[in-house]
Amino acid sequence: MNTVLLQNKSQSNFYSKDYKILTRKETLKLFQKKEALEKRNKREAAEIRNYLWEMNRRLVFKTASRFAIICPRNLLGSLDYEDLVQEGLLGLEEAINRYKWKKGFAFSTYATWLIRHYILRGIGNSFQTIRIPLSLREKIMKLNKKKEEIIHSEGYIPTDKEVGRMMGM
C-alpha cells in the first residue's frame, strides 16, 4: 500500500503509532504528487491522500483538546471529546481534498482553520434548538475565557458587563 510513498519499507512502518511530523517541503511534494496522479492513477492518489490524513491527525487531536479544555460543558452541548475529534477529522478530510498547494500557504495553517470550523459547526449543530451564529458563539467563548482569567488573577467573579467593558464590547 505505501510503496508509492516510501522507497523501501524499512524506512517507516505505515501502521505504526509513531508517525513522523511532515515538513512543509515533504507535504508540498506529496500534494504535487497527488495532483499529478489524480487523473492517471486514482488508487495511488488515494494512498497519498490516506497517508496525508494519517500524518496530520495530530492537528485534529490538538485542536479538539483545546476546545474540550476552553469551552464550558454548557457550550459544548452533548459533544464529548471523541465527538469533537470526529468533527475535526471531517474537517481534515475536507482540507486534504480542497488544499491548493500552488497558492503557497502552509497546509497545516489551512487544515487547522478547516478543522476548527468543522468542530465549531458540530458544536453549533448539537445542542441548541435556536441556532446561535458561529461568530456570536466565538464571542461567548472569548468572554468566558476572559472571565476565567479574571477569576484566577483577581480572585472574584466579574459580571458580564465588566468583562464586556474590559474586552471593548
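Helices, taken as H or I runs of at least four residues, and strands, taken as E runs of at least two, are DSSP runs numbered from the N terminus. By that rule, Lys34 lies in helix α1, which covers residues 24–40.

Colleagues, what we have here is a predicted model, in which local features need pLDDT of at least 70 and side-chain atom pairs count only at pLDDT 80 or more, while totals for chains, interfaces and linings use all residues. Residues are numbered from 1 along each chain as its sequence is written, and side-chain values use heavy atoms, with hydrogens and water left out.

Let me begin with the whole chain. How many helices and strands are there in the protein chain? There are eight helices and zero strands, and the pattern along the sequence reads α-α-α-α-α-α-α-α. Of the 169 residues, 33% are buried. Here buried means under 20% relative accessible area, exposed means over 50%, and partly exposed lies in between, with a 1.4 Å probe and protein chains only. The chain exposes about 11,300 Å², and carbon and sulfur atoms supply 53% of that area; accessible areas come from the Shrake-Rupley method with a 1.4 Å probe, and for residues only the protein chains shown count as cover. Among contacts between residues at least 6 apart in sequence, 57% join residues at least 24 apart.

I turn now to the packing of helices, starting with α1 and α2. Helix α2 comprises residues 42–55. The two pack at an angle of about 150°, with their axes 7 Å apart. Axes are lines fitted to C-alpha atoms, for helices over the stretch in contact, and angles run from 0 to 180 degrees between N-to-C directions. Angles under 35 degrees count as roughly parallel, over 145 as roughly antiparallel, 65 to 115 as roughly perpendicular, and the rest as oblique. Helices α1 and α2 are therefore roughly antiparallel to each other. Their crossing is left-handed; a crossing is left-handed if the near helix is turned anticlockwise from the far one by less than a right angle, and right-handed if clockwise.

On the α1 side, the residues in contact include Leu30, Phe31 and Lys34, and on the α2 side they include Ala45, Ile48 and Arg49. By class, this contact divides into seven nonpolar, one polar and seven charged residues. Nonpolar covers Ala, Val, Leu, Ile, Met, Phe, Trp, Tyr, Cys and Pro; charged covers Asp, Glu, Lys and Arg; the others, Gly among them, are polar.

Is Lys34 buried or exposed? Lys34 counts as buried because its relative accessibility is 6%. Not counting residues up to four places away in sequence, Lys34 touches Ala45, Ile48, Arg49 and Ile96.

Arg24 also lies in α1, but Arg24 is exposed, with a relative accessible area of 55%. Leaving aside neighbours within four places in sequence, Arg24 is in contact with Gly104, Phe105 and Ala106. Arg24 and Ser108 are 84 residues apart in sequence and 8.5 Å apart in space, C-alpha to C-alpha.

Next comes α5, residues 81–98. The axes of α2 and α5 come within 10 Å and cross at roughly 135°; the two helices are therefore oblique to each other. Their crossing is right-handed. Arg49, Leu52 and Trp53 in α2 meet Leu89, Leu92, Glu93, Ile96 and Asn97 in α5. This contact has five nonpolar, one polar and two charged residues.

Helix α3, residues 57–70, also packs on α5, with axes that come within 9 Å and cross at roughly 135°. That makes α3 oblique to α5, and the crossing is right-handed. Among the residues that meet are Val60, Phe61 and Phe67 in α3, and Leu84, Gly88 and Leu92 in α5. The contact of α3 with α5 divides into 10 nonpolar, two polar and one charged residue.

Finally, I draw attention to Pro158, which is found in the loop between α7 (134–154) and α8 (160–166). Pro158 counts as buried, at 2% relative accessibility. Beyond its neighbours within four places in sequence, Pro158 is in contact with Lys147, Ile150, Ile151 and Val163. Pro158 and Lys147 are 11 residues apart in sequence and 6.7 Å apart in space, C-alpha to C-alpha.

How values were computed. Contact = heavy atoms within 4.5 Å.
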